[in-house]
Amino acid sequence: MKILVCITHVPDTTSKIQFSDNNTKFDKSGVQFIIGPYDDYALARAVELKEQLGASLTVLNVGEVETEPTLRKALAIGADDAIRVNTFPKDSLFVAQQIAAIAKQNNYDLILMGRESIDFNGGMVHGMVGEMLGMPSVSPVMKLEIEGNTVKMAREIEGGKEYLEAKLPLVAGCQEPIAEWKIPNMRGIMSARTKPLQVVDPLEESNASEVISYQLPPAKGAVKLVDKDNVEELVRLLKNEAKVL
Amino acid sequence: MSVLVYIEHADGSVKKTSLEAVSYAKALSEKTSEGEIVAVALGSISSDELAKAGSAGASKVIHVNDDKLSSGIIQAHAEAVAQVYKQLGAKTLILSKSSLGDAVAARLAIKLDAALISNVVDLPDTGSGYKIKRSIYTGKAFAETVVNKEHKILAVKKNAVDLKSDGADAVIETVVLELSADNFATSITSTDKTTGDILLPEADIVVSGGRGMKGPENWGLIEGLAKELGAATGCSKPVSDIGWRPHHEHVGQTGVKVAPSLYVAVGISGAIQHLAGVNSSKCIVVINKDAEAPFFKAADYGIVGDAFEVLPKLTEAVKALK
Ligand SMILES: Cc1cc2nc3c(=O)[nH]c(=O)nc-3n(C[C@H](O)[C@H](O)[C@H](O)COP(=O)(O)OP(=O)(O)OC[C@H]3O[C@@H](n4cnc5c(N)ncnc54)[C@H](O)[C@@H]3O)c2cc1C
């Protein structure tokens, strides 16, 4: 059994989002980068499956050299080896093409990733990879068990969840509570330094879309406080001023 | 020519967010002259209900009335929509962001060799080229994106355009498609879903509770206010982590992203990860006993006070409004 987990390298959830170069570049100054939180759930579940089934676990990132510490962290959490496709992850389609190419060479049984990245929030790479490989794709998956060749999953839908079954191979976009995030321990961190990290060249660039500028939302005005003993005033403001009631 | 809209239905009704997608397509076509708006609906649903997509701007609804499509099997839905799109000769597919919509759109992008743009918040600028504004960094920023492909799929965020309701009923055309067995490689064995409640991603008003509510036994206060407001209920992440509330109510960075007209947050501190899920709300009201709670900085209106005192009074005041 071979498992692939695709991870993103994204700004920490507490980062202040800013842009530079006349709003054409993301401003990385002071920003800490992490494994995408949803990818981190996928990775945590993959580590559990690896232990349970004796599977091999590879992590993959499409990104430039600066993402290697993030890949090393995934190795410290429990992946056996890492692959970095050496290119800027331009858009979802481009990233999906790179992942599908690696997957075709290596015949993974299970490909996991987060339901979406927290930078561009596209939520489409898993579906694209599934379609390119002719495999089922399921997202957002909140529970995933493997019994023989069968994958049993719960998928979140509006107002609840649905339970599904499919056969391997399969692609899944994951979210909580599929597993608890794992924090690397000292032994993991030490061994991660010597685990293999392979750098490969990208396939040709697709040019489906391209970001030309960024924008921040308008700043919020000051809050209007209403006295706790005068809640009728709040209702009046919501009705007459904000016009939302 | 025509623009195709993939519409979803639940509990026998077309989803409101899908009707918004129809209105988006209508406004788009008025701008780009892409012709009539055709919606596609899959699985069992009544024709009368489908005709209502007309009021939002569709002139025709293609109904693939195949019971195998009544549940949302991702691959099968993608294949069915692809066939309809190709038969129609459309160049643009519109859908509303949702659990199923996102998953289906991704596969369609490959099937149709289309550029897929998600979280679209406005109509495209087609002055020179095709530029479109989408929300990124979980609502903390926007990206102006140039689309270079002939075929386009736009996954529209809630409130991108106003819902229209002045159109005439749509014509229903029932079609039968050949869908091979491999499209049904995943099977849905059961569903566990609340019925009758207003769904969080669709709601115009949301009342959310955080750890400040102290325990699940106090949720009657949140539900009471929600009921008076016709609102859906939500919660912060720790609240669903501890199991006070179901996971599908968890709002924020790692949960549901909402965009209601009114978001009422009770006993939620306003951590940046929670705010990421609510920053597209039109108006935010915060009730918190701590005047220093960071949520007040993101709020339009606030009450500094104990939720257990304020909520019953507020519920009464809303009731008195009617
Ligand atoms: C990667 C990552 C992702 C995350 N994703 C999310 C997410 O998607 N959604 C999310 O919500 N969180 C998320 N979090 C967690 C987030 O950082 C906060 O821990 C969480 O939002 C806090 O929840 P809370 O406001 O309910 O609880 P607390 O922070 O404990 O706040 C409770 C609030 O209740 C108030 N209070 C207490 N008693 C009363 C009373 N009687 N009346 C009125 N007010 C009262 C307090 O003053 C306080 O402000 C994430 C964290 C990380 C690291």
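This short talk goes through the interface between chain A and chain B in a predicted model. Residues are numbered from 1 along each chain as its sequence is written, and chains are lettered from A in the order in which they are written. Because the model is predicted, local features need pLDDT of at least 70 and side-chain atom pairs count only at pLDDT 80 or more, whereas totals for chains, interfaces and linings use all residues, and side-chain values use heavy atoms, with hydrogens and water left out.

Let me start with the extent of the interface. Taking contact as heavy atoms within 4.5 Å, 78 residues of chain A touch 85 residues of chain B. The buried area, that is, the accessible area (1.4 Å probe) that the two parts lose on being put together, summed over both, is about 6900 Å², and carbon and sulfur atoms give 59% of it. On the side of chain A, the residues that lose the most area to chain B are E131(A), E158(A) and K220(A), together 10% of what that side buries.

E158(A) also brings us to the charged pairs. Between the two chains there are seven salt bridges, each a side-chain nitrogen of Lys or Arg within 4 Å of a carboxyl oxygen of Asp or Glu, and one of them joins E158(A) to K15(B) at 3.2 Å, N to O.

Finally, the strands. With strands taken as DSSP runs (E, at least two residues), numbered from the N terminus, and pairing requiring at least two DSSP bridges, β14(A) is joined by six bridges to β9(B), residues 141-147, in an antiparallel arrangement. Within this pairing, S213(A) stands opposite E144(B).

Definitions and conventions
Helix = DSSP H or I, 4+ residues; strand = E, 2+ residues; numbered from the N terminus.
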